[in-house]
Amino acid sequence: MKNGGKSLVGRVLEWFCLDEPLDLEDYLPADREQVFANVASIDDLVEEIGRLRGRPIRMIPWEMPPDSYGARAAGKNVDYIIYERNTAAVHQKHIKAHELGHILANHDIVPIGEVDEDSAVVLMRASERSRYAEREAESLAEALQNEIIR
């Protein structure tokens, strides 16, 4: 195997994930046992994180623009995870986990326009995110999904 014996998947994960493992506890709104006690899916986790933060998170399936699979948005009293509706269920789960990672890491939201004037929703544009923020969100997505399937 070329590239130091790493598989293609290993090389991709190395590029997308952080160099050092992150401590999931640093990002959760409560201790790990409390957060994951009644969680059996990413949808359950999104709901539980919203409840624990006191700020609901709504998930919206959407036909995303080309080369975009997910986004997060923030309203006055609610956060949104927008994910590609026309992709495999396993991919949708990962998109949700990735966008939840952005929420947990408190990554900035860059206004690109209002989606709903009543709730003053603004979207974060992926091209405005730093590579570190993307790697951090990807690492969180991996850690969250691993925790769910334990």
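Glu99 lies in helix α4, residues 89–104, where helices are DSSP runs of H or I with at least four residues and strands are E runs of at least two, numbered from the N terminus. The model is predicted, so local features need pLDDT of at least 70 and side-chain atom pairs count only at pLDDT 80 or more, while totals for chains, interfaces and linings use all residues. Residues are numbered from 1 along each chain as its sequence is written, and side-chain values use heavy atoms, with hydrogens and water left out.

**Glu99**
- Glu99 has 2% relative accessibility and counts as buried (under 20% relative accessible area; exposed is over 50%, partly exposed in between; 1.4 Å probe, protein chains only).
- Its side chain reaches the backbone nitrogen of Arg72 at 3.5 Å.

**Salt bridges around Arg32**
- The count comes to six salt bridges, each a side-chain nitrogen of Lys or Arg within 4 Å of a carboxyl oxygen of Asp or Glu.
- Glu25, Arg32 and Glu147 are linked in a network of such bridges.
- Arg32 meets Glu25 at 3.0 Å, N to O, and Glu25 is partly exposed at 33% relative accessibility.
- Arg32 also meets Glu147, at 2.8 Å, N to O.
- Because Glu147 lies in helix α5 (residues 131–148) and Arg32 in helix α2 (residues 32–36), this pair ties together parts 115 residues apart in sequence.
- Glu147 is buried, with a relative accessible area of 14%.

**Arg55 and Asp79**
- Arg55 forms a salt bridge with Asp79, with the closest N and O atoms 3.0 Å apart.
- The pair links distant parts of the chain, 24 residues apart: Arg55 in the loop between α3 (42–53) and β1 (57–62), and Asp79 in strand β3 (residues 79–84).
- Asp79 is buried, at a relative accessible area of 3%.

Notes. Polar contact = N/O pair within 3.5 Å; in protein donor to acceptor, adjacent residues only side chain to side chain.
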